[in-house]
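Please read them with the coordinates open beside you.

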Amino acid sequence: MTKILKISLFSAFLLFSYALQAQIKVKSLPPPKISYLDYLFNDNISQRKIIPLNDGWKVKPENGTSGKFQATIPFIFEGSNTLVFERDLTISKDEINHSIIKLGFLGINHSIELSVNGANIFKRTGGEIPFELELPADIIKSDVPNKLTIKVNTKLNSETTIPVGQRFLFPKNSSGILRDIYLKIIPKTNISSFKFSWTLDSKLSSAASNLSITIDNLNFINRESLGKEGILLKFQLSPKNFSGSTYTYDFPITVSNSGQFNNTFTFNIPNPVLWFNETPNVYKAELSLTVNKELIDKETKEISFFKIDSGEKGLTLNNIPFSLKGVTYIVNESVLVEAGSLEKLKSDLTFIKKTGFNSVRFSKFYPHPAAAKLCQEMGLFSLVELPINSVPEEILLRNDFRLRAVSRFKEMLDSYSTYSNSNLWGLGSSYLSNSVITSGFLEYLLKNNSENSFYTYSSFLGIQKERIEGLDLYGMELYSNHPDKVNQLLEELTEQNNSVNYFFSEVNYPNYLGSSDGYLNKNSTESQAKYFSSIIELTIKNNFGGFFINTLLEYSGDFSSLYGGYSNQNIYKLGLFHNKTNNNNLVYKVIEARLNNSGKVTIPIGSSKDENKLLFILIALGLSVLMAVLINTRKKFREDCSRALFRPYNFFADIRDQRIISGLHTFILLLVESGAISLFFTILFSYLRTNLLVEKLLLSFGEPSLLTVFSYLAWNPEKSFVILFVLLIFKVAAISVLVKSASLLIKTKVQFASIFFMIVWSLLPFTILLPVELILYKILTLVSFNTLVIIFLILFWLWILQRIMKGVHVLFDVRRFAVYFYGLLIILFLIGSMMLYFQISNSTLYYITNSIKQYNLISY
């Protein structure tokens, strides 16, 4: 259906929606069976001490009156409240004098304030990215408990936070301390920064390497005690999971007066063993600091050598033709922890690898750092990206948002590079393609992080034809677009020799029905399998850069979804599997066969089913029969209907003059009209139940209750009809009360019953729609008549409005112009006030404009 109709219906729907206040719910999750800290830091414990701080916490609401309660980490809560976490921390005098004390977080959502012994020392937003901070030695007390206080706030907004408040198909915003907290004790003189980068030559026989390091507190070393060996930095590269050569490089260090040493060492590594998806060869890189041969500090990383490039023949990995064959992996943090955390990550990623995928995209959230490390070890590229999605151009232009995005991107690069270097870095998703503002924003992000060497991508709606400086790959998002139309786009790109740097970043096809008799049933398991198979075939046929199926598992979000399917738990039915992987799934079998060229899996054709629900026909038929019986058996009712429809002025005058109008007939007419109007909206809501534009328009208001109500009504037509029927009866009564209240401002006094009768008989034309409603759903599904439907509906609603205003004009004997002028003024004032409120609070107009632009780009 075209967007004008959807916008009109959306405006009408707002009258039936209301805001729901969120209440805080807390959830302390069991600790993982296998420690993430052991897995992540096992190689860095010789000179550095890692102490878990997951136990012994006390939690309370910031402004609550209730007392504190015990909690362990991970700890998740729902709601917009701020929680305060407190814990005692005892550190010895020797540790304070001879060590640097750091506090580490693997993930906190969303913003935190940290204080030690009552002194605020740190604030941060975007705490989902792992980070560490140094605890000031002058604030920490030795050998006595130090009070550690963490204030966690989950609130997101529409303009400044990343992600923004309006989150389309985002996983649930699990707020709280999501992952481990730990204490890291490192030597006073320590390696504070360790960055390793390389460039492979064209023959892949040599890696020109750069080792950038920073050493702090060298002034704590007694220069007079330095022997002939002095201070030495040793870099050793040794195979971790394969047999091969070990490379060792020594760099003498000179102590400066400042006590800090910064340098970048360059050297060549001959014939490094390369990392492939099939053979993920990983090196263990050790950087050791020694004084007179005594080990002072050591830091370890895992390094893999590979080269991604693009040329006329397409993408290459280590000079071998390559394409991204991936799946998005989105999982709710609470589900991950409850399922065993590290074990579930390993299980899911192993399944992805065995299926034949070579890449995993962590979309719309920051993944656990262990996930990136596991991907490198398993031979999977991990696509880690900023959770920026569908942000309007007006906000992308703002300097504060740009600065925050630059900061988040740098934090993401620095943090996840510590755990893996087989990452591709994403700048966000659902950007407007070929937008000057979007291109400028992405170029700004890349230029302000140009000192790093990395491979980048961004995901667009439509085809981004103009090149963006610094961006390597351009993603295209598909939302159930017909494969034939997708093929036309790919052929155009191929003819222009322009398909090399493009890939399908997100291939969506929801499965609402489950198993059916064949793929002719839309949004069934069979049609989902057919769709994914077709897209994979098109990717191979057109030598496209790759694809990412969205998504491995179904997941839940904060907002109900139309496109993602209705669920009481807001579960988005986009996954290949519900909540657990298995080998018996038809969609899995089809994809696995395609990826591994292991033969063809038969997908039954079946037979398509008529979408026109029998409920709509029966209700429309029943109301039509009731109306016909009344007209043909009651002469007075027939005459009243004729006069009210064709001579409304005279009819409303009769009501004003209190001439005989049957109250019973009026009440029955009200029931028929309420049924006709309810059925009309029920049919439209049902038709729009999977529509992307309607969902994004509702999402633009930033109120989860709007989508919850609409989604419920759209996906439950039987209940929708009953609810709307009751609401409309009360609405007619409410309008009558409002008109009666407004009449107090004028001299003419009219009885409430007359006003009520006038409103009911003004709505009489809705009974004419009953025969149309018999086939309305069928007409809408044909699409080709929707322009005529839009024109008809606009004129029809204007007619209804004109009839009500004429009734007010006649009943109260006031000037027609005054009624029309002030009536329209009041309507515009109410709509304008509502939009102004939402614009101020949630930038709604920006998001509505952006939604319409997005819909134009994806509706091909």
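**Notes on the model**

1. Strand β7 (residues 99-105) and strand β14 are joined by 7 bridges and run antiparallel; within this pairing, G104 has Y182 as its bridge partner in β14. Strands here are DSSP runs of E with at least two residues, helices are runs of H or I with at least four residues, both numbered from the N terminus, and two strands pair if DSSP finds at least two bridges between them.

2. This is a predicted model, in which local features need pLDDT of at least 70 and side-chain atom pairs count only at pLDDT 80 or more, while totals for chains, interfaces and linings use all residues. Residues are numbered from 1 along each chain as its sequence is written, and side-chain values use heavy atoms, with hydrogens and water left out.

3. Strand β14 (residues 181-187) also pairs with strand β2 (residues 49-52), through 4 bridges in an antiparallel arrangement, and there I50 stands opposite K184. Of the 7 residues in β14, 7 are buried, where buried means under 20% relative accessible area, exposed over 50% and partly exposed in between (1.4 Å probe, protein chains only).

4. Strand β20 (residues 283-291) runs antiparallel to β21, with 9 bridges between them, and Y283 is the bridge partner of I303. The two strands form a hairpin with 2 residues between them, and N292 in the turn has a positive phi of about 55°. Because 7 of its 10 residues are buried, strand β21 (residues 294-303) is largely enclosed by the rest of the structure.

5. The largest nonpolar core has 177 residues, and F504 and W761 have the most contacts inside it; such a core is a set of buried Ala, Val, Leu, Ile, Met, Phe, Trp, Tyr and Cys residues joined through side-chain atoms within 4.5 Å. Helix α16 (residues 663-687) gives the most to this core, with 12 residues. Apart from this core lies another, of 34 residues, among them W198, Y247, F261 and I269.

6. How many disulfides does the model contain? The count is 0, taking a disulfide as a pair of cysteine sulfur atoms within 2.5 Å. C375 counts as buried because its relative accessibility is 0%, and C641 counts as buried because its relative accessibility is 9%.
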